[in-house]
Amino acid sequence: MKRFKWLAIPYFVWLILLVALPLVVMLVLTFFSSNGMNLSTAEFSLDAYKRLADISILKATWNSLVVAFFSVLICFLLGYPVAYFISFSKLRHKLLVLLFLILPMWCNSMLRIVGWLRLFSTPILSQFNLIGTNSAVIFVTVTTYLPFMIFPIYTVLEKMDRSLIEASKDLGVNAWKTFLKITFPLSLSGVSSGVVMVFLPAATGFAISQTIGQGKVRLIGNLIQSVFEKNNYGFGSLLSILVSLLIIAIVLTFNKLQSKGRGSKAHA
Amino acid sequence: MLEKNGAKAIIISILKAIFVLAVLSLMYVPVVIIVYQSFNATANSITPLSWGGLTLDNYKEMFTNRQLYTSILDSLLVSFCATFIATIGGLFASIGINALDKKARRTMDFLNEIPMLNSEIVTGISIMLIFSLITPVFPDAFGFPSMLVAHVFFMLPYVILMILPKLEQTDESYFEAARDLGCSPAKALFKIVIPNLSTAILTGALIAFTLSIDDFVISFYTQGNGFSNFSNYVYSSYTKKNFSAGSYAFNALLTFISLAIVLFVSLRQTMPKKKKGEESL
């Protein structure tokens with residue numbers, strides 16, 4: 001089937017047009033002060049780079065990382081046991097349980113966020129002043145993206161060779177140690193894709209922080225959105241490039257750490 | 001001793017079930033609120049979630065509120081078209097990528113992952129910038145065309161990641177056999193290779209559609225000229241305080257339909273299995 005090589009070309013061109021070209025456009029825009037894409041009034045300036053020194057940017061970035069970190073952590077702490085219990089249960093209809101996990105995702109996520117907002121502002125819950133806090137944003141992020149953590153872990157657990165666990169138990173290793181030494185290390189690839197899939201939207205989204213945070217929780221996504229709304233494309237582009245670099249750096253470090261951990265275990 | 005262990009095992013499995021159910025119900029709280037609000041006569045009152053009596057007016061809103069039903073129709077239009085294009089495009093791109101030699105293959109694998117690793121907000125802005133560049137030539141580029149391109153763009157990697165592994169497992173000798181028997185390469189591809197991938201193609205299309213119909217951020221940046229989608233209607237109307245309770249009704253309806261499908265599938269699954277169990281007895 002080697003003769004079909006040329007079929008990859010259109011997709012390659014498409015990716016260059018929609019990934020590489022925008023990056024170049026953004027890079028060029030960072031050096032100009034323009035009103036939106038109106039290039040006739042654009043002037044060369046380094047304003048965007050000067051604005052980077054603003055403390056609010058650092059605060060928003062830090063806050064995004066905090067919200068994303070706790071969202072990922074809670075998703076993992078809730079999601080791993082769920083995936084594990086379903087996968088290792090003797091239920092005959094595991095698939096049905098999984099379908100019930102997918103079902104809430106068929107409800108529009110924006111409307112689910114509005115639902116939480118309405119619930120948080122009922123007389124009983126409004127005493128706790130949840131709206132506008134980091135914890136409420138983290139909570140809603142967790143409930144929205146939890147399936148993204150459960151599914152990859154579940155898939156890996158299902159594909160795992162169960163005889164390894166039996167072997168460990170036969171050799172007299174207790175259940176906890178078997179889990180920590182065999183099951184968990186073998187499921188790490190699922191955990192890492194789950195972590196990335198929750199981390200990305202949690203760190204860069206702006207819908208949840210805007211709606212539940214009511215402007216009090218400012219994440220990097222909110223910052224970029226408000227900058228573009230003010231038609232400051234130069235500064236917005238610079239922030240977008242920096243966010244992409246930060247995300248790629250974090251994901252790559254995470255993947256490296258994970259493969260390193262696996263490597264050392266294989267040697268031991 | 002044995003009995004004690006048995007009791008312990010039962011308690012542990014009950015605790016496990018409670019944990020799973022608790023997490024599940026956490027995800028169902030907003031769904032319940034949406035269904036509740038869809039029947040609530042005072043769904044939009046200032047006191048949140050106060051029960052104002054049972055009504056079906058919210059369901060009528062779906063057909064009378066122009067803004068709401070155009071956003072629903074726009075959503076469906078974009079998602080169906082984009083799924084169709086992305087599935088076909090992803091299929092042929094996968095066949096192409098699969099045929100590449102090792103070095104080119106690695107580059108494509110890397111490029112294919114970029115849209116998935118890029119944050120949604122940057123993807124949305126990227127496509128918005130490209131379309132801003134071409135608006136002087138095509139003034140109507142924003143709206144349906146920009147949103148369609150954006151959705152196809154973020155769907156393609158998912159479709160390809162579903163199809164490519166299956167394609168790698170495909171035995172090439174079937175293709176060779178078809179060729180030897182006089183099929184043209186294209187005919188062999190359509191008659192032998194592609195039918196073999198049907199499950200992967202279907203899964204890819206389903207994932208793509210699910211992501212597309214729910215998308216907010218990327219559509220936020222690529223909407224325009226009066227063309228938007230449902231998520232963006234909810235967001236903008238909620239912030240502008242002209243939110244229609246018909247939105248709840250639309251989503252409750254979707255939930256009922258998917259619940260019916262799930263129950264139907266599960267019933268069909270459980271029926272024959274029960275019979276098998278009896279046979280083995």
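1. Let's start with helix H12(A). Eight of its 10 residues are buried, so H12(A) is largely enclosed by the rest of the structure. Here a residue is buried if 20 or more other C-beta atoms lie within 10 Å of its own, exposed if 12 or fewer, and partly exposed in between, with C-beta atoms placed from the backbone. Helices (H or I, at least four residues) and strands (E, at least two) are DSSP runs, numbered from the N terminus. The buried residues of H12(A) are Ile220(A), Gly221(A), Asn222(A), Leu223(A), Ile224(A), Gln225(A), Val227(A) and Phe228(A). Just after H12(A), Asn231(A) takes a positive phi of about 65°.

2. A word on what you are looking at. This is a predicted model, in which local features need pLDDT of at least 70 and side-chain atom pairs count only at pLDDT 80 or more, while totals for chains, interfaces and linings use all residues. Residues are numbered from 1 along each chain as its sequence is written, and chains are lettered from A and ligands numbered from 1 in the order in which they are written.

3. How confident is the predictor in chain A? The average pLDDT (the predictor's confidence in each residue, from 0 to 100) of chain A is 86, and 95% of the residues score at least 70. Within chain A, H3(A) has the highest confidence, at 93, and strand E2 (residues 38-44) the lowest, at a mean of 73. Where pLDDT is low, the predicted coordinates should not be read in detail.

4. Next, the domains of chain A. The assignment gives domain 1 (2-47) and domain 2 (54-267); such bounds come from an automatic or database domain assignment. The C-alpha centres of domain 1 and domain 2 of chain A lie 30 Å apart. Across the boundary, 11 residues of domain 1 of chain A are in contact with seven residues of domain 2 of chain A, where contact asks that two C-beta atoms, placed from the backbone, lie within 7 Å. On the domain 1 side, H1 and strand E1 (32-35) of chain A each supply at least two residues, and E1(A) has the largest share, four residues. That side divides into five nonpolar, five polar and one charged residue. Nonpolar here covers Ala, Val, Leu, Ile, Met, Phe, Trp, Tyr, Cys and Pro, charged covers Asp, Glu, Lys and Arg, and the others, Gly among them, count as polar.

5. The two chains meet as well: 63 residues of chain A are in contact with 63 residues of chain B. Several helices of chain A each supply at least two residues to this side, including H1 (8-29), H3 (55-88) and H13 (233-267). H1(A) gives the most, with 10 residues. By class, the side of chain A that touches chain B has 45 nonpolar, 12 polar and six charged residues.

6. The largest nonpolar core has 130 residues, and those with the most contacts inside it are Ile113(A), Val198(A), Met155(B), Val159(B) and Ile163(B). Domain 1 and domain 2 of chain A both give residues to this core, so it lies between them. A nonpolar core is a set of buried Ala, Val, Leu, Ile, Met, Phe, Trp, Tyr and Cys residues joined through C-beta atoms within 7 Å. Not counting residues up to four places away in sequence, Val198(A) touches Ser71(A), Val72(A), Cys75(A), Tyr145(A), Phe148(A) and Met149(A).

7. Chain B holds 12 helices and zero strands. Its radius of gyration, 25 Å, is well over the 19 Å that the globule rule gives for 281 residues, so chain B is more spread out than a compact globule. (The radius is taken over C-alpha atoms, and the rule is 2.2 Å times the number of residues to the power 0.38.) Of the 281 residues of chain B, 39% count as buried.

8. Ala205(B) is buried, with 21 other C-beta atoms within 10 Å. Leaving out residues up to four places away in sequence, Ala205(B) touches Thr83(B) and Thr87(B).

9. Asn129(A) has a positive phi of about 50° although it is not a glycine, and with 10 C-beta neighbours inside 10 Å Asn129(A) counts as exposed. Lys241(B), also not a glycine, has a positive phi of about 60°. Lys241(B) sits in the loop between helix H11 (230-239) and helix H12 (246-280) of chain B.
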